[in-house]
Amino acid sequence: MGTFLRLFGISSDENRIDQATGLTERQKKLVQNTWAVIRKDEVGSGVAVMIAFFKKYPEYQRYFSAFKDIPVNELPCNKRFQAHCASVITALNNVIDSLHDPGLMEASLIGLAERHKKRGQTKEEFQNLKEVILEVLRQALRKQFTTEVAEAWSKTLDAAFTKIYEVFSP
């Protein structure tokens, strides 16, 4: 039956759910393909995420000593801000690149969460960032951000942020 379905471009493997991530192979491909659009301009994409984050949650800018006193409209030109923004996208690159290696993804995310926890960040702040990332993706991908793509991204970020939240659990 699988061979018959593949003749029509339908692969039973595409619908197999990866128990570690909760994603199907098709959802992983959707995330990777749409991420390629974002990845073309890592600094610009990171700036978009962090500016949206600071506009929605201005109090979070105070955590960043290098640019806590710079007006939000001046941040996109600040090189230290750009460097941090690029690191946000690098962290997301690591998640997307390791969708087929959940153990590697987990190790990377736990390290990231531990560093942020030491700096005083909270689970709530990560949850707020997750929501901002989804909104920025929706805006950046426009028509490509279909219901199916939105679901794949939501599951991907849920899987990633669940690992981050484990570090913040008592």
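The model is a predicted one, where local features need pLDDT of at least 70, side-chain atom pairs count only at pLDDT 80 or more, and totals for chains, interfaces and linings use all residues. Residues are numbered from 1 along each chain as its sequence is written, and side-chain values use heavy atoms, with hydrogens and water left out.

**N78.** I placed N78 in the loop between α3 and α4 (79-97). Helices here are DSSP runs (H or I, at least four residues), numbered from the N terminus. The N78 side chain reaches the backbone nitrogen of R80 at 2.9 Å.

**K28.** Is K28 buried or exposed? I noted 1% relative accessibility, so K28 counts as buried. K28 sits in helix α2 (residues 25-39). Its side chain makes a polar contact with the side chain of D18 at 2.6 Å. A polar contact is a pair of N or O atoms within 3.5 Å; within protein, one must be able to donate a hydrogen and the other to accept it, and residues adjacent in sequence count only if both atoms are side-chain atoms. Neighbours within four places in sequence aside, I listed D18, T21, L23, L99 and H100 in contact with K28 (heavy atoms within 4.5 Å).

**D18.** I then went to the partner. D18 lies in the loop between α1 (2-7) and α2, and is buried at a relative accessible area of 15%. With neighbours within four places again left aside, D18 is in contact with L23, K28, L99 and P102. I checked D18 against L99: they are 81 residues apart in sequence and 9.5 Å apart in space, C-alpha to C-alpha.

**α3 and α6.** How do I describe this pair? Two packed helices are described by the angle between their axes and the distance between the axes. I read about 125 degrees and 9 Å for α3 (residues 42-56) and α6 (residues 123-141). Axes are lines fitted to C-alpha atoms over the stretch in contact, and angles run from 0 to 180 degrees between N-to-C directions. The two helices are therefore oblique to each other; under 35 degrees is roughly parallel, over 145 roughly antiparallel, 65 to 115 roughly perpendicular, and the rest oblique. From α3, the contact is made by A48, V49, A52, F53 and K56, and from α6 by E125, N128, L129, V132, I133 and V136.

Terms used:
Buried < 20%, exposed > 50% of the residue type's maximum accessible area, 1.4 Å probe, protein only.
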